Amino acid sequence: MLGALSVAHAQSAPRTVASTPWDAELLGNHRAVIRVTEGGRFAHVQVVWRRPDRHPELKGVLLVSETGSAAIANVRRGVITQDIGEFDFEPTAGAGRYYLYFLPFKSGGKSNYPNVTYLPVTATADSSWLAALGRMAAPPNAIVERFESVDSLNSFEPMEVIATGDEMAMLARANRAAPYLVFPEDRLHSIRMRDQLPQRWLERGPTRVFADTARRGEFLAYQLGVYAQAPLTNVRVRFSDLRAGAHVIPASRITSINTGGVTWEGKPFTTRVDVPAGMVQAMWCGVDVPERAAPGTYVGNATLVVDGQPSTTIAVSITVRATSVVAAGANEPWKMTRLKWLNSTIAQRNDVIRPYTPITIRGNTLGVLGRTLTLGANGLPAGIATYFTPEMTGIGTRAQPVLASPMRFDVEAVDDTGAVRTLKTVTSGVRFTRREPGTVSWVATTTSAEWALEVRGTLEFDGAAQYEMRLRATKALTLGDVRLTMPYTRVASTYAMGLGLKGQKRPSTFGWNWNVATKNQDGAWLGGVNAGLQFSLRAENYVRPLNTNFYLQKPLLLPSSWGNGGQGRITWRDKGDTTMVRITSGQRQLAEGDSLRFDLHLLVTPFHAIDTDAQWSRRFFHKFAPLDSIQTTGATVVNVHHATPINPYINYPFIAHDTMKAYIDAAHRRGMQVKIYNTVRELSNHAWETYALRSLGHEIYSPGKGGGYAWLQEHLRDDYIAAWFVPQLKDAATINSGMSRWHNYYAEGINWLVQNVGIDGLYLDDVAFDRTTMKRVKRLLTQGGHPGIVDLHSANQYNERDGFQNSAMLYMELFPYLDRLWFGEYFEYEKSPSDFFLTEVSGIPFGLMGEMLEGGGNPWRGMVYGMTNRMPWSDNADPRPLWQLWDAFGMKGSTMLGYWSPKVPVHSGRDDVQATVYQRAGRALVAIASWAPDTARVRLVIDWKALGLDAARVTVTAPAIRGLQDARTIASGEPLTIAPGKGVILVIK
């Protein structure tokens, strides 16, 4: 009969990975293999499963015979705990082997965003069988031969095989007076559980000794597992030198990643680790063994220090072998050697990146590629100008002002009645504090009798400016408002994007209020095609929010300065030839000594001229496939997505690197290039460092409600956001937290991939990093003459779950380092006006060009901006006919004259039918597309002189383009009939 048998006296069974995997989707990932030695109607088994999941008594099991497939119905459950499970069952196949699957689940939700639920307990046993069982004194005992997991990734062995309740009680009794216990652990056994102890530790007991071996030049990681029997505050580790006779590994080369390091910006930081009672904290330590370390055994101490508690010293012994490793052992990531990357500063120095040029300084005017910024005495921009040609194909000599007059930052003091008080102010003027080719910084102060304003600004070589403006009250005062005014010129504010506006012609008046809970909005871009300015409002509490489906789970924080509890507003209105943008913060009280920090981020656009020749010659194939078949399409660059044989796991392209290198080498021999999918937003559960990263709290991974696929629930259990899942590979990702040291690891990973695998660039798919990381990535991708091609894909972020942010607004800070845009799913190519195409899809106002995705795009409208669909993404929009046209016409070397240019020599005579000209000597290709709601009948207006052609001697043809248009000749003056959403491509020669 079922009964409570002490776990201490129960059988012990080995644990292994199944030699032949079963269908985990039907049965779950874990089973006990049971041997029945006697035939009959009844058998009894006690399963000491030591399972880490909570409340197993609420979860069903499936019991099947080795020779059958159907679950045995006659099963009665007894005691069910995390330690043991007891079952009586009918051995329907007689004596032999049976499998008890003890975490069977059912997948629900979407295929790429599943949510697993575990089968509930159900009563299936026949009443007559139960009655007969009840009359038995004791059914024959079956035995557990072993425990199996479906594969190694799903295994609980050994770090998730829990200590039983009896064992934990014995541990507590033996160490009753200790506030905490320390269990040193090697690098190959990552501490996985935060609220339970593994059986492995109870077998060994707590200890104050750790020993391991390392090679010269290796980063040797190890762990101090801290089990808190009482609440612990400010846990940290102090290290002594490691000594082997006269030889020393200094303590400065030994670190703990849990208590600090180097931020993604290259700044040192520290953080506090507290451990609640009953919890486990892995303190990951690393010894950076010098490359020239003398072989020998080095000894020293690692001392665990806790506020208000006695310290614990661990005697550490590291035997350094005579062999050496390269790159600190980074080629063996399963040994946690790459944890060193978390504190890397690689490529942090702000060296100028091509095609940008060093910043020039002439008085108070700073120059970057194609743009100037002139500082006023208050440190704010007094003038901004660009020099890009209206066509965006080059840099000219004529300045196009962005600002109509200087920016103003007004501090408005009021009396008790609300009347504005006039205070005399003194401005110091600009003092430069840093002058480097890539960075120029300055400071200016403005003071009155009651407040002081310090303005600190920095301009970088790509045209990005950051301001930190600190307002300090020198006396108690009431502020009616603190206001920033930005007067744009009419040309440089033709279009607007952000603050709830899709890319469009700028409305003449506009008003907006903060709503960070549901809106990922903190600024806007106003601009023309060749002159514009993006602004973003922040403060010292800024933390990058989540994006791409997860904004609502970690939204923006309201900047206390600009937002002022919701009083802040952004408005604009036309005033003559000026667009007056006003950013107000509203009324507030400041006590003497109070300060407010108003941060302002500016991006002067465009960043560089468009590279049309690269657009015509660099043709992407966005699918892993045999290289010979790709080459026959005319594609020159292969984008290898994740979930492919050479790049199987999302954002962790290090597992199949040997096969990836072989593929890339073969592509290079064919004159082709290969880019890979690798970004920061979510991370595969196949990452070797998963549990070490989890030990850092929420630094690397975002907190969340858990759920998702079975692996996540069984091994992470809680406190994560489930992300993308690939069913074929069981690749289950979780969401990164935003800005963190994972970006340092990412930069080092890019460097490793360039140096060891030979990647030619990256395909970025909605990213979660800022311009600091993007610059590092671009430097590393282009080192040593590597091409460093980067394209960015984004699904349209303008929706509720993404906080109604424009993709171009969200990623504009990355645009200076991209080579192409691919925007993207949910972009409405058929319903959106040409202004939207120009500002949000084409990339042209920022110096980029793009491609289309959703539904294959609109080929006629795309050609107006030099865009096609991407091969072979859509069955109904093959770009090869257009590629063939490009080659036949000779697009490479042509001059693009878009409809936005005052020099475009061909017009339709209508605003809703646009024409772009690609001009060469003696011929021109004209792309015409309609946005008219009805069939449009147009007669082209052609400036023959500007075309360089004689109207009396030219021929105008519509060349045959498979799937788009049939060949025909257009007579002089013949009107064109264009259906809605369609167009025509002409060749004039």
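In the predicted model described here, Lys661 has a relative accessible area of 33% and is therefore classed as partly exposed. The partner of Lys661 is Asp665, with which a salt bridge is formed whose closest N and O atoms lie 3.3 Å apart. Both residues belong to helix 8, which spans residues 657-669, and their spacing of four residues corresponds to about one turn of the helix. Asp665 is likewise assigned to the partly exposed class, because its relative accessible area is 26%, a value that falls between the limits of 20% for buried and 50% for exposed residues.

A contrasting setting is found for the pair formed by Lys675 and Asp791, in which the closest N and O atoms of the salt bridge are 2.3 Å apart. This pair joins distant parts of the chain, since Lys675 is placed in strand 47 (residues 673-677) and Asp791 in strand 52 (residues 789-794), with 116 residues separating the two. Lys675 has a relative accessibility of 0% and so counts as buried, and Asp791, also at 0% relative accessibility, is therefore buried as well. Buried is the class given to residues with under 20% relative accessible area.

A further salt bridge connects Arg349 with Asp351, and here the closest N and O atoms are separated by 3.0 Å. Arg349 counts as exposed because its relative accessibility reaches 64%, whereas Asp351, with a relative accessible area of 33%, is partly exposed.

Side chains of opposite charge can pair when their charged atoms come close. Across the model, the count of such salt bridges comes to 59. Some residues take part in a linked arrangement, and one network of salt bridges comprises Arg31, Arg35, Glu66, Arg97, Glu145, Arg146 and Glu148.

Leu188, Trp334, Ile655 and Trp688 together make a nonpolar surface patch of about 390 Å². Within this group, Leu188 is located in the loop that runs between strand 11 (180-185) and helix 4 (199-204). Leu188 counts as exposed because its relative accessibility is 54%, which is over the 50% required for that class.

Notes: Residues are numbered from 1 along each chain as its sequence is written. This is a predicted model: local features need pLDDT of at least 70, side-chain atom pairs count only at pLDDT 80 or more; totals for chains, interfaces and linings use all residues. Side-chain values use heavy atoms; hydrogens and water are left out. Patches are made of residues with over 30% relative accessible area and no salt bridge: like charges are joined within 9 Å, nonpolar side chains (Val, Leu, Ile, Met, Phe, Trp, Tyr) within 5 Å. Accessible areas come from the Shrake-Rupley method with a 1.4 Å probe; for residues, only the protein chains shown count as cover. A salt bridge is a side-chain nitrogen of Lys or Arg within 4 Å of a carboxyl oxygen of Asp or Glu. Buried means under 20% relative accessible area, exposed over 50%, partly exposed in between (1.4 Å probe, protein chains only).
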